[in-house]
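Morning, everyone. Let me put the model on the screen, and then we'll walk through the chains and how they meet.

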Amino acid sequence: MRDLFLAVLLRDLKLASRRRIDSLLPVVFFIVALSLFPLGVGPEPQMLRDIAPGIVWVCALLASMLSVGSLFAGDLADGSLEQMLLAPQPAIAVAAAKSAAHWLLTGLPLIVATPLVGLLFGLSGPALAALLAGLLLGTPILSLLGALGAALTLGLRSGGMLLILIVLPLTMPALIFGAGAVSNVEAGLSASGHFSLLGALLLGTALGAPLATAAALRISTE
Amino acid sequence: MNSPPLRLYTFAAPSRFYRLAGRAVPWFWAAAIALALAGLYIGFFVAPTDATQGEAYRIIFIHVPAAWMSMLLYLVMAFWAGVGWAFKARLASMVARAIAPTGAMFTFLALWTGAVWGKPTWGAWWVWDARLTSELILLFLYLGYIALVNAIDDVRRADQAGALLALVGSVNVPIIYFSVKWWNTLHQGATISMTAAPKMASTMLTAMLLMTLAFWAYAFAVVFTRTRAIVVEREAHSGWVAELVGGRMHP
Amino acid sequence: MNWGSASAFFEMGGYGLYVWGSYVVAALLMALEPWLVHRRQRRSLRDAARMNPGNEAES
């Protein structure tokens, strides 16, 4: 099973390395979308500092959802998805590998871009650290849930919007805990509760989502 | 000739369901109306005025039953969708699909009455308290399910995908509720709980219970009727439907 | 009885708009939904009839 996992993961990374501009799009979207907010709500520093955790998380969510829509599309089109599912190993390896690839290609770059965002919004050191820690725990959750949505909406015309509609409610707990952690730290309180809950969410999602995604892949390709 | 022994799953035949449900629906309507009249009578003419909220609290006789129904129907829908998926039981999948719009309706009604109750009581058309926010997210879950099953043309794929989504949603409902409650207690601004309000006189509880049962009966009536429509749509080419609509099958 | 007069009943202690607004919307929804379902059922029966025409021409 590990072989299939690694094979799928490395293949995705190699394919992405050939289309580097495409791979950077989610990060660019992330930054552009975030920049809209000061333009929309005004440049007053304290307010921006207040809303920063929430809007960073929301933009990370949207960037993730927008890029996960095409997670299986390429493989479906060129027939490799069928091959992957025909393998003797369980499809859960495919699901996990695709989720991991998505995180490495979207989630991780978002985390790397976040200090820049911290600068734009005037976040203090501890707040930024809390934001990064939260995203480190939360972006894998987004990738795992996004993969499930992508598998369910595979090949559908209305795919993109539909995926966002069905996955977004499931990601709300992560949003609440992740943004809440930063708010707490800014208020001088401890965020350990938030991080524990995020960690528990990540664990639960990591255990359950690939299984559901594998089932969804079978449903969508039969 | 002896009729074949009655087994539980013969009720699972769509044709059988169509006939039985058709006979049951009028009784459900009758029950719904009777229970509603009883509940509303007690709610308006027996239950006393609330000390803090005045007469505005009487919205509770719709708000709370609608909220309960919205949550219950989601779980029931997920259950039957799961049964349909696991046992390839066509009728179960049809029932699940039939439940969704009614569940969404009750969710919307709970939200609407929650807002209308909030305005005179707390001064705002909307408060982001834990219960209302969870209800809003539940509405999104319903809409997601409906959108997904409607977007997939292949009926079997749609049923199965919907079942998976509904089951995943069910697992998430307690998580979402917990996280929203957590979020709500942090942001001390709007922590007014919509249902904490009146100290419930037993007459108020009775009225609420009766209204809940009335909504239950209503849900049965509407969901069964919708299921019958779905059954006809899906089984249109089968012999029993042909007989039903008065034509005869092509040879 | 809670209400001194019919007008008191309608006014609901000043909250009439809110209380009756809720009940009216509820009643509307719970009349609209069954009506739409009924229409759907009639449509599906009609479509099924069209798919299974009676064969008067059959001998």
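Chain C has 59 residues, and 20% of them are buried. Buried means that 20 or more other C-beta atoms, placed from the backbone, lie within 10 Å of the residue's own. Chain C holds 2 helices and 0 strands. Helices here are DSSP runs of H or I with at least four residues, strands are E runs of at least two, and numbering starts at the N terminus.

Some housekeeping. This is a predicted model: local features need pLDDT of at least 70, side-chain atom pairs count only at pLDDT 80 or more, and totals for chains, interfaces and linings use all residues. Residues are numbered from 1 along each chain as its sequence is written, while chains are lettered from A and ligands numbered from 1 in the order in which they are written.

Now, who touches whom? By contact I mean two residues whose C-beta atoms, placed from the backbone, lie within 7 Å. There are 2 pairs of chains in contact, and chains B and C share the most contacts. Chains A and C have no contact, and their closest C-alpha atoms are 24 Å apart.

Take B and C. Here 34 residues of chain B meet 30 residues of chain C. On the chain B side, α1 (14–46), α3 (90–122), α6 (202–234) and α7 (239–244) each give two or more residues. That side has 19 nonpolar, 8 polar and 7 charged residues. Nonpolar covers Ala, Val, Leu, Ile, Met, Phe, Trp, Tyr, Cys and Pro; charged covers Asp, Glu, Lys and Arg; the others, Gly among them, are polar.

Next, A and B. Chain A brings 18 residues and chain B brings 23 residues. In chain A, α8 (159–186) and α9 (192–221) each supply at least two residues of that side. Which helix gives the most? α8(A) does, with 10 residues. The chain A side has 15 nonpolar, 3 polar and no charged residues.

Last, a helix pair inside chain A. The axes of α6 (residues 92–120) and α9(A) come within 8 Å and cross at roughly 115°. Axes are lines fitted to C-alpha atoms over the stretch in contact, with angles from 0 to 180 degrees between N-to-C directions. So α6(A) and α9(A) are roughly perpendicular, a label for angles of 65 to 115 degrees. Residues in this contact include A:I92 and A:S99 of α6(A), and A:P210 and A:L217 of α9(A). By class, the contact has 8 nonpolar, 2 polar and no charged residues.

Conventions
Parallel < 35°, antiparallel > 145°, perpendicular 65-115°, else oblique. Buried ≥ 20, exposed ≤ 12 C-beta atoms within 10 Å, placed from the backbone.
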